Amino acid sequence: MGKKDKMMREYLSQPDICADFIQNFVFKNHQVITEDMIHLQKNQQSVFVKNAEEGLTVKEKIRDVCAVICRDMKYLIIGIESQTDMLNIMPVRSMLYDAISYDAQIAELRKAHRKAKDLEKEDYLSGISKVDKLIPVVTVVFYYGEEPWDRSVGLFDMFDLEGISDEAVEMIQNYKINLIDIHKIENISDMKTSLGPLIELMKTRRNKQELQQYIENHREFLDKTSDELFELIAELLEADWLIEKKKECVGKGADYTMCTGMKEWLEEVFQDGEQKGREAGEQEGKREGQKLGFEQACHIIGEINHGIPVSVIASKYEIEENQVLMVIHAMRPDGK
């Protein structure tokens with residue numbers, strides 16, 4: 001697991017953040033979920049799988065976040081899988097997570113019945129009674145990558161069903177994932193924690209103009225970020241130097257906020273973009289100069305120095321105006 005995914009997992013494992021996530025994305029704000037209703041579980045689950053070559057092996061799957069919701073004595077298990085990468089296998093992975101969870105519940109019921117020795121004869125083989133009930137499981141895929149999700153959202157997306165009869169297709173289970181793609185989240189107004197502003201940040205992180213507006217609109221949020229959230233934002237922006245800068249300022253007794261850091265980061269991004277643009281322009285100009293020939297390029301510069309318009313020069317040499325501009329950019333020291 002990468003550093004970014006690990007930090008997001010720890011962030012979503014905070015009871016208040018987890019409650020906010022579940023209320024908004026699982027219960028769709030139709031029921032109130034509070035921190036005291038959430039019981040975070042150990043995230044490692046295993047299941048035994050029969051393998052012809054290796055014999056009995058253990059298939060282990062680790063959930064990012066696993067929580068048991070208890071509301072009015074009704075239970076629901078919710079697993080949250082945070083993803084920065086688009087994985088085409090998520091339908092199978094989600095199905096396996098849920099199957100492992102149900103298998104673990106059955107194992108616990110069997111263990112209890114063996115201890116109590118209370119099963120009827122007809123239930124002995126299955127190990128559980130007909131009145132036993134499993135706790136339903138919901139697996140949510142929280143995708144926060146930079147591009148919208150365009151991979152499989154169900155098993156049918158992974159199949160080639162051509163040539164299979166409709167009757168047979170109807171019997172195939174299309175296991176679908178519960179995908180939360182940040183690019184499709186439109187309303188964050190009901191979120192009560194930092195989750196809402198963080199999602200909005202992730203949606204705008206690669207658009208410099210939108211990010212500038214975001215900083216202006218979220219000054220208070222950015223100024224009050226915790227150290228953990230500061231580090232997560234720095235990781236999402238791929239700007240680790242922000243953390244070092246904060247440590248330096250704290251060591252000197254100065255206050256360094258995420259708002260300040262993001263402004264510095266954005267300024268650096270702008271400067272880097274401009275520098276790359278200039279370098280690309282210079283290289284393109286040199287290539288155009290080589291195409292035209294050095295002598296002809298010198299004639300063009302000479303005519304520019306005498307005030308001849310670019311459009312006239314382009315017409316004279318039967319070239320595009322942008323070719324003239326690129327030659328100027330490449331051959332004049334001031335780039336003008």
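Strand β5 (residues 74-83) and β6 run parallel and pair over seven bridges. Two strands count as paired if DSSP finds at least two bridges between them. Strands and helices are DSSP runs, numbered from the N terminus: helices are H or I of at least four residues, strands are E of at least two. Ile78 has Val138 in β6 as its bridge partner.

The model is predicted: local features need pLDDT of at least 70 and side-chain atom pairs count only at pLDDT 80 or more, while totals for chains, interfaces and linings use all residues. Residues are numbered from 1 along each chain as its sequence is written, and side-chain values use heavy atoms, with hydrogens and water left out.

## Overall figures

The protein has 13 helices and seven strands. Of its 336 residues, 38% count as buried. Buried means under 20% relative accessible area, exposed means over 50%, and partly exposed lies in between (1.4 Å probe, protein chains only). The accessible surface of the protein is about 20600 Å², and carbon and sulfur atoms hold 50% of that. Areas come from the Shrake-Rupley method with a 1.4 Å probe; for residues, only the protein chains shown count as cover. Among contacts with a separation of 6 or more, 63% join residues 24 or more positions apart. A contact means heavy atoms within 4.5 Å.

## The sheet

Five strands form an open sheet in the order β1-β4-β5-β6-β7, with mixed pairing. β1 (38-40) and β7 stand at the edges with a single partner strand each, so one side of each has no neighbour in the sheet. From one strand to the next, the twist averages 25°. Strands of a sheet pair through backbone hydrogen bonds, either parallel or antiparallel.

β1 and β4 pair in the antiparallel sense over three bridges. His39 stands opposite Val68 in β4. Strand β4 (residues 65-71) then joins β5 through seven bridges, again antiparallel. Cys70 has Tyr75 in β5 as its bridge partner, and Arg71 stands opposite Lys74 in β5. β4 and β5 form a hairpin with two residues between them. In that turn, Asp72 has a positive phi of about 55°.

β6 pairs with strand β7 (residues 178-181) in the parallel sense, over four bridges. Tyr143 has Asp181 in β7 as its bridge partner.

How enclosed is β6? Six of the seven residues of strand β6 (residues 137-143) are buried, so the strand is largely enclosed by the rest of the structure. β4 also has six of its seven residues buried, so β4 too is largely enclosed.

β5, helix α3 (residues 90-116) and β6 make a right-handed β-α-β unit. A crossover is right-handed if, with the strands pointing away from the viewer, the path from the first strand over the helix to the second runs clockwise.

## Salt bridges

The whole structure holds twelve salt bridges. The criterion is a side-chain nitrogen of Lys or Arg within 4 Å of a carboxyl oxygen of Asp or Glu. Three of the pairs are tabulated here.

| Pair | Closest N to O |
|---|---|
| Arg71 and Asp72 | 3.4 Å |
| Lys245 and Glu264 | 3.3 Å |

Arg71 is partly exposed at 25% relative accessible area, whereas Asp72 is exposed at 62%.

Arg206 lies in the loop between α5 (195-204) and α6 (208-217), and Glu146 in the loop between β6 and α4 (166-171), so the pair ties together parts 60 residues apart in sequence. Arg206 is partly exposed, with a relative accessible area of 41%. Glu146 is partly exposed as well, at 36%.

Lys245 forms a salt bridge with Glu264. Lys245 sits in helix α9 (residues 241-251) and Glu264 in helix α10 (residues 258-292), and the pair links distant parts of the chain, 19 residues apart. Lys245 is partly exposed at 26% relative accessible area. Glu264 is partly exposed at 27%.

Terms used:
Axes fitted to C-alpha atoms, helices over the stretch in contact; angles between N-to-C directions.
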